[in-house]
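Here are my notes for your review. Please read them with the model open.

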Amino acid sequence: NRIVLALSVARLADAIGNSILFIIIPLYVAQMPAPWFPWPEPVRAGVLISMYGLVNACLQPFMGSLSDRVNRRKPFIQGGLILIGIGTLLFIFAARFADLLLLRALQGVGVALTIPASMAVMARASTRKTRGGSMGIYSTARMTGFAAGPLLGGFLYDHFGFNWAFYAATVLIFIALILVQVLVKEVPAAAKESGKRSFRVFDRHLLNAGILGAGLATFMMAGAFSMMTPLETQFNQRLHETAFAFSVAFSALMVSRLVLQIPLGRLSDRFGRKPFIIPGLILMAFSTALLSEAATTQQLIWIRVLQGIGAAGIAAPTFALAGDLARVGGEGQQMSIVTMGFGLGIALGPLIAGLLAVSSFHLPFFFVGFLLLVSAWIIHVKVPETVPPPSGNPRPEMR
């Protein structure tokens, strides 16, 4: 599907630019004065990372509903990339921690514009029989970016300093903007479908157990894989490693996930979504708890690989599940619930880790591991399956 491939390539460049900051932000916070925020360093790093996620998560339902209303996605994607790029470039001129908070909020607004519109395009451009594979391609491109970005960020910081990392991130984000303009085409709903409902940020008729369960799955997945970010300094001290070594461990999750993302997405088209989502959550639960027990960088890398395998079982099948359940003309709002879950996970995972690590380094990892197990049980009980078994009868309600 040309639309899926075009949007995936654009997302690759955007993800590299954004994920460079995963490694840079905790280090930047450590040397930035914070007279108004006399908090421990892990808390400040967690708050800064969380600001981005909280802003974009809170705004995503509004932006998704607005894109449904105007029945256009591409301007939202482009406008969001512009805001993200400007916010990244302005990091160079930040003088204090408060400046960083404002810039992360600006980036959060940009992501809120971009993500629901992108997922709505994906839902419209795919069908139930191919949606898992399509979401796998999109997620693999994104994860390739998330894997490469921290490595590039760690390398640039170790050899050239902060500014070069910010320059590189900005250039890549604007490359993504150009790719969207050139390659991505609109896939609007029919006028009679898009104009049926009045504008509502939350339309209760579009919210169901499947959509909410998919949002819970992406929330827990994102929280689990992002929670170690504000603890970079503590990991480096415990394991006697450099920023680049930490970036290798951080990216190991992305590498294992991108290897398995497309195959598992395609398998979910045949065997169902839940047989991959639930085991993925369980595997992430145990591997997340193990993170605090790593005694060497090599152990940390292998634990992150296990997390990545779990995330591969969650991501594409979950987005495909939401796409299966999305109604024509309401894709923006319904897919925004799932992407809002991801944004909240990115926001609250680091914040929870930073706060709980003040009392115990091990506590946040065991706490989130327990929540992942609870989430797997909720999805098992409450979320419907949208793909019939290979020998079963098709379910008429799924498009």
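Predicted model: local features only at pLDDT ≥ 70, side-chain atom pairs only at ≥ 80, totals over all residues.

1. Start with helix H11, residues 274-290. At 1.5 Å a residue, its 17 residues should span 24 Å. The end C-alpha atoms lie 25 Å apart, which agrees.

2. Next, the burial of H11. Its buried residues are Lys274, Phe276, Ile277, Ile278, Gly280, Leu281, Met284, Ala285, Ser287, Thr288 and Ala289. Note that Lys274 is on this list. The cover over these residues includes helices H8 (209-226), H10 (243-271), H12 (297-325) and H14 (363-382).

3. Check Asn71. Its phi is positive, about 60 degrees, although Asn71 is not a glycine. Asn71 sits in the loop between helix H2 (41-70) and helix H3 (74-89). Asn71 counts as buried because its relative accessible area is 15%, under the 20% cut-off.

4. His240 belongs to the loop between helix H9 (232-239) and H10. His240 is exposed, with a relative accessible area of 73%.

5. Look at the nonpolar surface patch. Its members are Ile82, Ile86, Leu89, Leu90, Phe93, Leu151, Phe155, Phe160, Trp164, Tyr167 and Phe244. Together they have about 1000 Å² of accessible area. At least two residues come from each of H3, helix H5 (128-160) and helix H6 (162-183).

6. One patch member, Leu151, is in helix H5. Leu151 is partly exposed, at 32% relative accessible area.

Key: Residues numbered from 1 in each chain as written. Heavy atoms only, no water. Helix = DSSP H or I, 4+ residues; strand = E, 2+ residues; numbered from the N terminus. Expected span 1.5 Å × (residues − 1). Buried < 20%, exposed > 50% of the residue type's maximum accessible area, 1.4 Å probe, protein only. Contact = heavy atoms within 4.5 Å. Patch = residues over 30% accessible without salt bridge, like charges linked within 9 Å, V, L, I, M, F, W, Y side chains within 5 Å. Areas by Shrake-Rupley, 256 points an atom, 1.4 Å probe, with all protein chains shown as cover. Salt bridge = Lys/Arg side-chain N within 4 Å of Asp/Glu carboxyl O.
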